[in-house]
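Welcome, and please take a moment to look over the model below. We will begin with a pair of residues and then widen the view to the whole chain.

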Amino acid sequence: MSSLRAVGFDLDGTLFDHRGSATAAADGFLAEFGVVPADHARELWFAAEEHEFERWRAGDIGFQQQRRNRVTTVFGALGLDIPDTSEGLDRLFDRYLAAYRTAWRLFPDSGDVLRRLRLRGVGIGILTNGTQEQQREKLERTGLVDLVDAVCVSEEIGVQKPDSRAFDIFAERLGAAADACHFIGDNPDHDVAGARDAGMSASLIERYRPGAPGLLEIVEGAVGWL
């Protein structure tokens with residue numbers, strides 16, 4: 001891949017350990033209401049998160065509403081009292097969100113791999129679905145913002161993965177043609193298929209599957225010279 005000029009990354013589940021951060025936050029948050037940390041409660045939390053986030057991504061509901069729905073779904077399934085106002089639901093989610101921010105962390109290899117790419121003079125970027133405020137805050141708080149050349153957040157660019165237009169904008173901001181970019185993400189549809197539809201090469205990373213290749217191995221396989 002001698003023509004490669006840039007490598008792009010998804011954020012959550014690729015460079016940023018969202019599941020680890022959210023698990024720690026959900027355990028602590030739900031424990032405030034007498035829920036003992038256990039797989040059942042965690043599964044409920046993440047199922048609600050995935051379902052409601054996809055409804056927001058599809059434009060069916062607003063971003064704040066998907067948060068309220070997550071609290072309503074999980075609290076209902078666990079037999080906890082559910083606030084009867086939007087304000088009450090917002091206050092509950094804010095308590096979870098504070099714990100989530102405290103638990104934010106990168107995967108241990110993320111910074112090292114980006115630094116290796118930077119030493120090679122390769123353009124580095126992040127393309128992520130989400131809100132501008134939260135995703136930018138993650139980058140600032142974890143130090144990723146200092147290791148990349150371009151950041152595209154779906155709310156800011158007005159289009160989401162897997163839409164090829166998101167990848168087109170991303171490549172333009174990196175100053176590279178699509179076929180000179182390689183994209184790495186944890187979602188086979190949003191990241192891998194989306195990037196390939198836009199003319200990029202792409203790799204899937206499976207952070208939470210035991211024995212799966214790590215980020216360095218995947219990047220070396222794509223780039224070949226780290």
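Asp-39 and Arg-42 sit 3 residues apart in helix α2, about one turn of the helix. Helices here are DSSP runs of H or I with at least four residues, strands are runs of E with at least two, and both are numbered from the N terminus. The two residues form a salt bridge, with the closest N and O atoms 3.2 Å apart. A salt bridge means a side-chain nitrogen of Lys or Arg within 4 Å of a carboxyl oxygen of Asp or Glu. In general, side chains of opposite charge can pair when their charged atoms come close.

Before going further, note that this is a predicted model, in which local features need pLDDT of at least 70, side-chain atom pairs count only at pLDDT 80 or more, and totals for chains, interfaces and linings use all residues. Residues are numbered from 1 along each chain as its sequence is written, and side-chain values use heavy atoms, with hydrogens and water left out.

Arg-42 also forms a salt bridge with Asp-27, where the closest N and O atoms are 3.0 Å apart. Arg-42 belongs to helix α2 (residues 39–57) and Asp-27 to helix α1 (residues 18–31), so this pair ties together parts that are 15 residues apart in sequence.

Another salt bridge brings together the side chains of Arg-209 and Glu-206, at 3.1 Å from N to O. Salt bridges that share partners also join Asp-10, Lys-161 and Asp-191 into one network. A search of the whole structure finds 19 salt bridges.

How open to the surroundings are the paired residues? The table uses these classes: buried is under 20% relative accessible area, exposed is over 50%, and partly exposed lies in between (1.4 Å probe, protein chains only).

| Residue | Relative accessibility | Class |
|---|---|---|
| Asp-27 | 17% | buried |
| Asp-39 | 53% | exposed |
| Arg-42 | 24% | partly exposed |
| Glu-206 | 34% | partly exposed |
| Arg-209 | 41% | partly exposed |

Helix α2 also holds Glu-52. Is Glu-52 buried or exposed? Its relative accessibility is 5%, so Glu-52 counts as buried. Beyond its neighbours within four places in sequence, Glu-52 is in contact with Ile-61, Gln-66, Asn-69, Arg-70 and Thr-73, where contact means heavy atoms within 4.5 Å.

Most peptide bonds are trans. Pro-162 is found in the loop between α7 (154–157) and α8 (164–174).

Now for the chain as a whole. The chain has 10 helices and 5 strands. Its C-alpha atoms fill a box of roughly 60 × 35 × 25 Å along the principal axes. For 226 residues, a compact globule would have a radius of gyration near 17 Å, and the 18 Å of the chain agrees with this. That radius is taken over C-alpha atoms, and the globule rule is 2.2 Å times the number of residues to the power 0.38.

Buried residues make up 50% of the 226 residues. Among contacts with a separation of 6 or more, 67% come from residues 24 or more positions apart. The accessible surface comes to about 10300 Å², and 47% of that surface belongs to carbon and sulfur atoms.

Note on methods
Accessible areas come from the Shrake-Rupley method with a 1.4 Å probe; for residues, only the protein chains shown count as cover.
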